[in-house]
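My entries follow in the order in which I worked.

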Amino acid sequence: MTTAAPYPFLKGHGTENDFVVLPDPDGSVHGELSAERVRALCDRRAGIGGDGVLRVIRVDAIEAGRGQGAEWFMDYRNHDGSLSEMCGNGVRVFGRYLAREGLVDPTRPVPVATRGGVKTLTFAGGAADGKITADMGAPEVFGSSDVSVVVEGEKRTWPAVHISMGNPHAVVFLDEGASLADVGPLHDAPLHDEGVYPDGVNVEFVVRRGPAHVAMRVHERGAGETRSCGTGACAVMVATALADDAGRGTPYRIDLPGGTLSVTWTDDDRILMTGPAVLVASGTTAL
Ligand SMILES: N[C@@H](CCC[C@H](N)C(=O)O)C(=O)O
């Protein structure tokens, strides 16, 4: 691997879904950010460590003319260097960085361009340091009977609900009385139908905790089991609200190993996800 000149990075997380943030406003620092470099940065022993990388780059430097009013593009990469359309925890961390650096005005909605379209961030109380709500747009629900997930170690197959939040999800409801630990270790990616998910899938396992309240574990495409997944929490909320036949506008509490997110499905078919976003370190690296 080639060694780069030292360049700035930050480390942040949203409900312990953690990211290496790479400021690269005009695209001159990283050029074509290689999968190899992403893997080196995300390595938890030899690198900085993270579930993914968030490159902060101006729309004009990467997708000129496609920002629909957004100035900034979240160039998201998974831990293994693969691309994803969207990252829900990542976009809040991305917004935290922009607000902290004075690159956006947190008293106003902030549009962020992603491969999954423009997502708009709202900062609680207009403050740069409170919770952040991401308007994740409309979910796509593809049905509930023809998708299954197999966790090899447990030799179990579950039906799953196929939902897209820009990226693909399979939501599995465990039987009443089951616990999330019953799924067993999620070291390997759950098996899934390649015909349904040709580009892989994020798999969520869900138990109910009470009215409009669930808990979940997630195995992320390109990252393994993580402590949280924002788009996964949104997919889980949609699947649960459909199962509940719930009216729109009810906030659902989604507990994850790394924290709690609140997700609401609006009357006009948008998913609003609210949660924390934290920057914990900054420095330079030549990785
Ligand atoms: N952790 C993210 C999702 C990241 C992308 C995902 N692994 C994929 O490949 O689609 C989130 O918070 O949404």
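**Ligand shell**

I began with the domains, and found that the shell around the ligand draws at least three residues from each of domain 1 (7-137 + 275-285) and domain 2 (140-269). I keep in mind throughout that this is a predicted model.

I then listed the 17 residues around the ligand, of which Ser-84, Asn-89, Asn-167, Gly-230 and Thr-231 come nearest. Helix H3 (88-100) and helix H4 (230-244) are the elements that give two or more residues to this shell, and H3 gives the most, with three residues. Sorting the shell by residue class, I noted twelve polar, three nonpolar and two charged residues.

**Strand E14**

Which strands pair with E14, and in what sense? Strand E13 (residues 202-210) pairs with E14 in the antiparallel sense over seven bridges, and there I saw Val-207 standing opposite Ala-215 in E14. The two strands form a hairpin with two residues between them, and Ala-212 in the turn has a positive phi of about 55°.

Strand E15 (residues 224-226) also runs antiparallel to E14, joined to it by three bridges, and the bridge partner of His-219 in E15 is Glu-225. In this second hairpin, which has three residues between the strands, Gly-222 takes a positive phi near 80°.

Strand E16 (residues 252-256), by contrast, runs parallel to E14 and is joined to it by three bridges; I recorded Arg-253 in E16 as the bridge partner of His-213.

Methods:
Residues numbered from 1 in each chain as written. Predicted model: local features only at pLDDT ≥ 70, side-chain atom pairs only at ≥ 80, totals over all residues. Near = placed C-beta within 6 Å. Helix = DSSP H or I, 4+ residues; strand = E, 2+ residues; numbered from the N terminus. Nonpolar A, V, L, I, M, F, W, Y, C, P; charged D, E, K, R; others polar. Domains from an automatic or database assignment. Pairing = 2+ DSSP bridges.
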